[in-house]
Amino acid sequence: MSAAVAVTMERVDDQGREARGAGSAPAAPEAGPDEEVGMNAKAAQADKGAIRRRGAGWLRALARVALPPVLGMGLLIGLWHLATLNGGGIPSPGKTWDAAVVLFSDPFYQEGPNDQGIGWNVLESLKRVGIGFGIAALVGIPAGFLLGRFALLAQMLNPLISLLRPVSPLAWLPIGLLVFQRADPAAIWTIFICSIWPMILNTAQGVTRVPQDYLNVARVLKLSEWKVFTKILFPAVLPYMLTGIRLSIGTAWLVIVAAEMLTGGVGIGFWVWDEWNNLKVEHIIIAIFVIGVVGLILEQVLMLVARRFSYGNS
Amino acid sequence: MKKIVQIENVTQSFDTRNGHFVVLRDVRLDIVEGESVSLIGHSGCGKSTLLNLIAGLTRPSSGVMLCDGREITGPGPERAVVFQNHSLLPWLTCFDNVLLAVERVFGARESRAQLKTRTREALALVGLTHAEHKHPHEISGGMKQRVGIARALSMQPRILLMDEPFGALDALTRANLQDELMKILAATQATMVMVTHDVDEAVLLSDRVVMLTNGPAATIGEILEIGLERPRERLALAHDAQFGECRAAIMEFLYQKQVRAAA
Ligand SMILES: Nc1ncnc2c1ncn2[C@@H]1O[C@H](COP(=O)(O)OP(=O)(O)O)[C@@H](O)[C@H]1O
Ligand SMILES: [Mg+2]
């Protein structure tokens, strides 16, 4: 798992480097703008030689894993570059890279409530997602346990959940604004709504799927309710719960951008909207990357946690 | 000899989507303290159903089940079960799987250290001291089944109930575990009821083999006393005439009297 994370991080890294390379016309990543294209190939060959000399098999394995994604990213940036050759509204990779360098040189500046660094905006969005998601977990997971344990409750609530789940969480935003009268809690409310369904449904499914064998063990041992919960029910449901959590956090991160565009304030969604109004399209492209990277990291961290709690296939 | 389990006129039926389904009818059987009994019969005849009734996991539709003269109303630690698929909790180590059972039975009376000693002893009994800190997915099928047996034995049950405990194992591992089980039963004097579909296993391990007729509405067809002396030696018995007769009698019941309709 950690290997996958490493690869992902590497991809991010390469993305940056490639973007820079493409930006300073066809030059090698580490080379200045006046050096030649051939440097790239030479450097690559030198690299290969070094690998062979060291005879490190794992390096070659790493290259085999990392190379295709890097090539894909290179292709994207190449196409992007081609598409922006004859001008138009979309900024070139190079221009975007330069803007990114400026942007990330001081991500945490603060000049008034509506002009803050991209770091603050991301953190602010993450905070909203964290709070809305946390409340959803506090409500949704116990609710899921109840739904899974009591068939009547499930029969009562399942049609309701089926009805509400496909509704875009943004449709709930006005209700949040009405109830809370402020933008921030309304955005959190939207996150809460979109996070809660996967958590309820997956937890409930996990509870109904606890193998009868384990419950029979509990019955033969006459375990107390508390022991049944801590030693059997909870660990058995945990992987399902984590799937629910992973699905919710993915959606929450999708939704927060849209919600913030509507509510304003500090946050990556509103930042995108603001930069659109300022016609700084390169910032929007950077924001898209940043949103993607943060989403990817969230996903990978949760995968890591899930891997930690999956127990063989017995 | 003292009767430890009495099964009197027990019928078990289930209401399924396809209607009322009688699995067992008029089952009568007494099990004496310290004896080993095998339940044998064709697949689906109701062996597990009968074992689950003794375990108290299900209640009979009619009839009476007694353990030690008292009605069986549910499962209890004096009737330990070794499940067919070991049923170890995958998130606990072998040690903790056994400890869970030990705690439940002795936790109120004994110190933490005593409970752990009991757990170690149970694992040592099945030769798994070296694997106590492993998780179930890290050990072989035979070892898992041993942990299941250790968990059952650690409760010091009056009766050991086993549902095809070695069914999923290869022949060699199965033979080893059968030998170990015989030793353990001799040492602990426990009563054992085992479901099996292996004729040799039934003869080797049992004092009596209970043969069930084919379902639906299966009942006890014959009961065969196995008079072989103990301790029993697998190799010596291979050429033993009495062993062969017992074997033949069971085969005759299964393959002549209870011919299975080709499935
Ligand atoms: N809870 C149940 N509900 C309905 N039918 C059952 C149930 N348990 C067992 N049966 C049926 O009873 C019959 C005997 O099952 P079982 O005791 O598992 O057989 P086996 O002898 O192979 O262990 C089977 O036909 C099975 O489908
Ligand atoms: Mg069975």
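Predicted model: local features only at pLDDT ≥ 70, side-chain atom pairs only at ≥ 80, totals over all residues.
Residues are numbered from 1 along each chain as its sequence is written, chains are lettered from A and ligands numbered from 1 in the order in which they are written, and side-chain values use heavy atoms, with hydrogens and water left out.

Chain A contains twelve helices and zero strands, where helices are DSSP runs of H or I with at least four residues and strands are runs of E with at least two, numbered from the N terminus. Of the 314 residues in chain A, 39% are buried; buried denotes under 20% relative accessible area, exposed over 50%, and partly exposed the range in between, with a 1.4 Å probe and protein chains only. On the surface of chain A, Leu75(A), Leu79(A), Leu82(A) and Leu85(A) form a nonpolar patch that together has about 440 Å² of accessible area. Patches comprise residues with over 30% relative accessible area and no salt bridge, like charges being joined within 9 Å and nonpolar side chains (Val, Leu, Ile, Met, Phe, Trp, Tyr) within 5 Å; accessible areas come from the Shrake-Rupley method with a 1.4 Å probe, and for residues only the protein chains shown count as cover. Leu82(A) lies in helix α3 (residues 57-83) of chain A and is exposed, at a relative accessible area of 53%.

The residues around ligand 1 (those with a heavy atom within 4 Å of it) include Phe14(B), Phe21(B), Lys47(B) and Thr49(B). This shell divides into four nonpolar, six polar and one charged residue, with Ala, Val, Leu, Ile, Met, Phe, Trp, Tyr, Cys and Pro counted as nonpolar, Asp, Glu, Lys and Arg as charged, and the others, Gly among them, as polar. The largest share, three residues, comes from α1(B). An oxygen atom of ligand 1 is 2.7 Å from a polar backbone atom of Gly44(B), one is 3.0 Å from a polar backbone atom of Gly46(B), and one is 2.6 Å from an N or O atom in the side chain of Ser48(B). Taken alone, ligand 1 exposes 560 Å², of which the protein buries 61%.

Over all chains, 22 salt bridges were found, each defined as a side-chain nitrogen of Lys or Arg within 4 Å of a carboxyl oxygen of Asp or Glu. In one of them Arg158(B) pairs with Glu33(B), the closest N and O atoms being 2.7 Å apart; because Arg158(B) lies in the loop between α4 and β7 and Glu33(B) in the loop between β2 and β3, the pair ties together parts of chain B that are 125 residues apart in sequence. Lys2(B), Glu33(B), Asp68(B) and Arg158(B) are linked in a network of salt bridges. Asp200(B) and Arg247(B) also meet in a salt bridge, at 2.3 Å from N to O, which links helix α6 (residues 199-205) to helix α8 (residues 241-257) of chain B.

A further salt bridge joins Glu78(B) and Arg79(B), with 3.0 Å between the closest N and O atoms; Glu78(B) is partly exposed at 28% relative accessibility, whereas Arg79(B) is buried at 4%. Arg79(B) and Thr191(B) are 112 residues apart in sequence and 9.6 Å apart in space, C-alpha to C-alpha. Thr191(B), found in strand β8 (residues 191-196) of chain B, is buried, with a relative accessible area of 1%.

Conventions:
Polar contact = N/O pair within 3.5 Å; in protein donor to acceptor, adjacent residues only side chain to side chain.
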